[in-house]
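The following exercises are to be worked with the sequence and the three-dimensional structure at hand. Each task is followed by a stepwise solution.

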Amino acid sequence: MAFSQPLLSHESVQELAKQNNLTVPHHYVQEHREPTFVPNVSSPLPSIPIIDMNDLMMEGSNMDLQLKNLHSVCCNWGIFQLVNHGVDKSLVDKMKKEVVDFFESPIEEKLRYKLKGGEYEGFGQTILHAQGQKVDWADRFFMITNPLQRRKPNLLPEFPPLLRDALEKYLLELQKLGMSLFGLIGQALDIDKEEMFNIFDDGMQSMRMTYYPPCPQPDLVVGLTPHSDAAGITILLQVNNVEGLQVKKDGMWIPVDFLPDAFVVNVGDILEILSNGVCNSIEHRAVVNATKERMSLAMFFNPKMEADVGPSKSLTRNTGNPPLYMTLVMEQYLKEFFSRKLNGKTFLEKMKIKNEDVHET
Ligand SMILES: O=C(O)CCC(=O)C(=O)O
């Protein structure tokens with residue numbers, strides 16, 4: 001995808017971080033990083049809700065209760081840890097190993113997939129949209145994986161065979177899981193099953209592998225700038241058991257304590273829009289560690305390129321509530337999203353229908 005002409009940031013942060021006695025260069029230093037919430041006896045650390053897929057798949061009266069719970073978690077939090085998700089542990093372990101091997105491979109190998117000017121897919125760092133923009137303390141690899149004809153021939157098809165094989169299997173399993181989750185979330189929100197299916201079946205999917213090197217001054221930098229995802233949902237795998245993800249809840253940055261073998265599922269902007277503002281697309285960021293490297297693998301599940309991104313027609317009909325967000329075709333939505341720098345939930349705000357828009361139409 002070549003949208004606008006962003007500037008590239010050329011260094012590999014992983015290579016930079018290997019230097020002895022490193023002082024963090026100015027372009028990584030964040031002047032206004034918000035602090036992390038510090039729990040105390042009267043305000044303990046809120047814990048991220050847990051959803052058990054087995055409970056959700058159970059038919060009967062208990063199911064109504066579970067769907068109510070899912071509804072409340074998607075509205076009040078917009079993030080949950082998914083346990084008993086059904087994806088084979090040996091496949092997940094294989095996927096983790098291949099991500100580690102990829103980032104441990106020589107820089108020359110990774111540069112075979114290097115981001116080119118004006119493009120968003122490949123290996124690189126923060127894509128810069130303005131002079132003076134700060135760079136995140138991370139190397140990352142982003143690419144579209146579905147629909148198949150949108151895959152770039154120089155990326156996934158050119159991966160080392162073991163990584164490609166693990167990824168292809170993992171993608172298929174997560175695609176199934178993603179569709180089950182969309183089905184359940186649709187049910188919980190009272191969106192027609194057919195509408196959910198038509199929007200998300202064989203939808204646009206993308207992925208990001210991220211490597212956060214240790215940083216000698218971790219409080220000065222950010223591994224991933226605060227943002228909400230331009231996705232329906234994101235299924236996140238923490239690759240090497242090092243924490244770093246934080247979510248903004250009630251104005252506070254809360255660390256996510258990953259459960260072993262769970263996936264973290266984020267509600268993205270598109271689900272917030274589809275639910276007409278009922279769901280909360282969670283703002284999140286990643287912080288980095290002074291001594292340990294961290295890796296993650298995020299899979300983003302979206303509508304089809306030609307589907308409308310807007311408040312659900314069946315939901316607005318069922319509830320009688322007017323649409324609170326504009327509608328854009330997915331292809332255009334992505335174009336708009338990628339032409340801006342990541343900045344909290346500002347893009348979602350732009351999608352909101354303002355009073356003046358109503359008067360104009
Ligand atoms: O590394 C993480 O934990 C978060 C990754 C993420 O949110 C992303 O890649 O969008």
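Two strands pair if DSSP finds at least two bridges between them; helices (H or I, at least four residues) and strands (E, at least two) are DSSP runs, numbered from the N terminus. The model is a predicted one, in which local features need pLDDT of at least 70 and side-chain atom pairs count only at pLDDT 80 or more, while totals for chains, interfaces and linings use all residues. Residues are numbered from 1 along each chain as its sequence is written.

**Exercise 1. Identify the residues around the ligand and the strands that supply them.**

Step 1. A residue is near a molecule if its C-beta atom, placed from the backbone, lies within 6 Å of it. The residues around the ligand are Arg 208, Thr 210, Leu 224, Asp 229, Leu 236, Gly 244, Leu 245, His 284, Ala 286, Ser 296 and Ala 298.

Step 2. At least two residues of this shell come from each of β5 (205–212), β11 (284–286) and β12 (294–301).

Step 3. Count Ala, Val, Leu, Ile, Met, Phe, Trp, Tyr, Cys and Pro as nonpolar, Asp, Glu, Lys and Arg as charged, and the others, Gly among them, as polar. The shell then comprises five nonpolar, four polar and two charged residues.

**Exercise 2. Describe how α3 and α6 cross, and which residues meet.**

Step 1. Axes are lines fitted to C-alpha atoms, for helices over the stretch in contact, with angles from 0 to 180 degrees between N-to-C directions. The axes of α3 (residues 61–76) and α6 come within 9 Å and cross at roughly 90°.

Step 2. α3 is therefore roughly perpendicular to α6, a term that covers angles of 65 to 115 degrees.

Step 3. Residues are in contact if their C-beta atoms, placed from the backbone, lie within 7 Å. Leu 67, Leu 70, His 71 and Cys 74 in α3 meet Leu 184, Ile 185, Gln 187, Ala 188 and Leu 189 in α6. This contact has seven nonpolar, two polar and no charged residues.

Conventions
Angles under 35 degrees count as roughly parallel, over 145 as roughly antiparallel, 65 to 115 as roughly perpendicular and the rest as oblique. Two residues are in contact if their C-beta atoms, placed from the backbone, lie within 7 Å.
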